[in-house]
Amino acid sequence: MKIYTRTGDAGTTGIHGGSRVPKDDIRIEANGCIDELNSMIGIVRSMLPEGHDWQEKLFTIQKELMVVMSHVATPNEIRHRNPNQLNEGLVSQCEAWMDCMTEQLSDNGYFLVPGGTPLAAHLQYARTLARRAERRMWTLNRQDSLPECTLKLMNRLSDLFFVMARYELQQQSWPEEKWQKFAYKNRK
């Protein structure tokens, strides 16, 4: 079986349901952003030792992102035919993972400069990719509504990767590089 089909050579690509859209359609752009995020999570996982507590959690997220991509690729009017079931509980799982890590973190009242250890820097990059995917998904949502849990998940993932980056720095005794205090904390 050949990997290439040549069907996209004219600038269109197929979506769930059989129709074709331009390759720069917002639906395709949103999925491309989610795909980038999923690839970055794969890089993060490659940096973790086998059996690390985050391996299974990140793999769960990666599999769910594949499901989310299938729903993004499916127009709303036929989404009920999509056989891939969304894990609506993953948002609260992400919140629980964050709460557990946050309990162990020192207070932070600053904007942080991304960086630190290679793992923390990659987690910060995953955070930015999640934010971009979320923006593209909201643009698509204005044209063709997406399941609410997919939008919430993307928002939580950016928060999760931020917390994970901070947690990694603290575990490695690496100082956070602060930019400036949150303005709202300066007001009295």
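**Exercise 1: Helices α1 and α5**

In this predicted model, the crossing of α1 and α5 is left-handed. Task: determine which residues make the contact between α1 and α5, and characterise the relative direction of these two helices.

Solution. 
- Step 1. From α1, the contact involves Ile-34, Leu-37 and Ile-41; from α5, Met-154, Leu-157 and Phe-161 take part.
- Step 2. Sorted by class, this contact comprises six nonpolar residues, with no polar and no charged ones.
- Step 3. Helix α1 spans residues 26-47 and helix α5 residues 148-171; their axes are 13 Å apart, at an angle of about 30°.
- Step 4. Angles under 35 degrees count as roughly parallel. Helices α1 and α5 are therefore roughly parallel to each other.

**Exercise 2: Helices α1 and α2**

Task: state at what angle the axes of α1 and α2 cross, and derive whether the two helices are roughly parallel or roughly antiparallel.

Solution. 
- Step 1. The axes of α1 and α2 cross at roughly 165° and come within 10 Å.
- Step 2. An angle over 145 degrees counts as roughly antiparallel. It follows that α1 and α2 are roughly antiparallel to each other.
- Step 3. The handedness of the crossing of α1 and α2 is left-handed.
- Step 4. Among the contacting residues are Ile-34, Leu-37 and Ile-41 of α1, together with Leu-58, Leu-65 and Val-72 of α2.
- Step 5. The class count for the contact of α1 with α2 is 13 nonpolar, five polar and three charged residues.

**Exercise 3: Helices α1 and α4**

Task: describe how α1 packs against helix α4, residues 118-143.

Solution. 
- Step 1. The axes of α1 and α4 are 8 Å apart, and the packing angle is about 160°.
- Step 2. This angle makes α1 roughly antiparallel to α4.
- Step 3. Helix α1 passes α4 in a left-handed crossing.
- Step 4. The contact of α1 with α4 contains 19 nonpolar, three polar and five charged residues.

**Exercise 4: The largest pocket**

Solution. 
- Step 1. The volume of the largest pocket is about 220 Å³.
- Step 2. Two or more lining residues come from each of α2 (53-72), α3 (90-102) and α5.

How values were computed
Residues numbered from 1 in each chain as written. Predicted model: local features only at pLDDT ≥ 70, side-chain atom pairs only at ≥ 80, totals over all residues. Heavy atoms only, no water. Axes fitted to C-alpha atoms, helices over the stretch in contact; angles between N-to-C directions. Helix = DSSP H or I, 4+ residues; strand = E, 2+ residues; numbered from the N terminus. Parallel < 35°, antiparallel > 145°, perpendicular 65-115°, else oblique. Left-handed = near helix turned anticlockwise from the far one by under 90°. Contact = heavy atoms within 4.5 Å. Nonpolar A, V, L, I, M, F, W, Y, C, P; charged D, E, K, R; others polar. 1 Å grid on protein atoms, 1.4 Å probe; cavity = no way out; pocket = protein on both sides within 12 Å on 5 of 7 lines; lining within 4 Å. Points joined across faces, edges and corners; volume = space filled by probe spheres on them.
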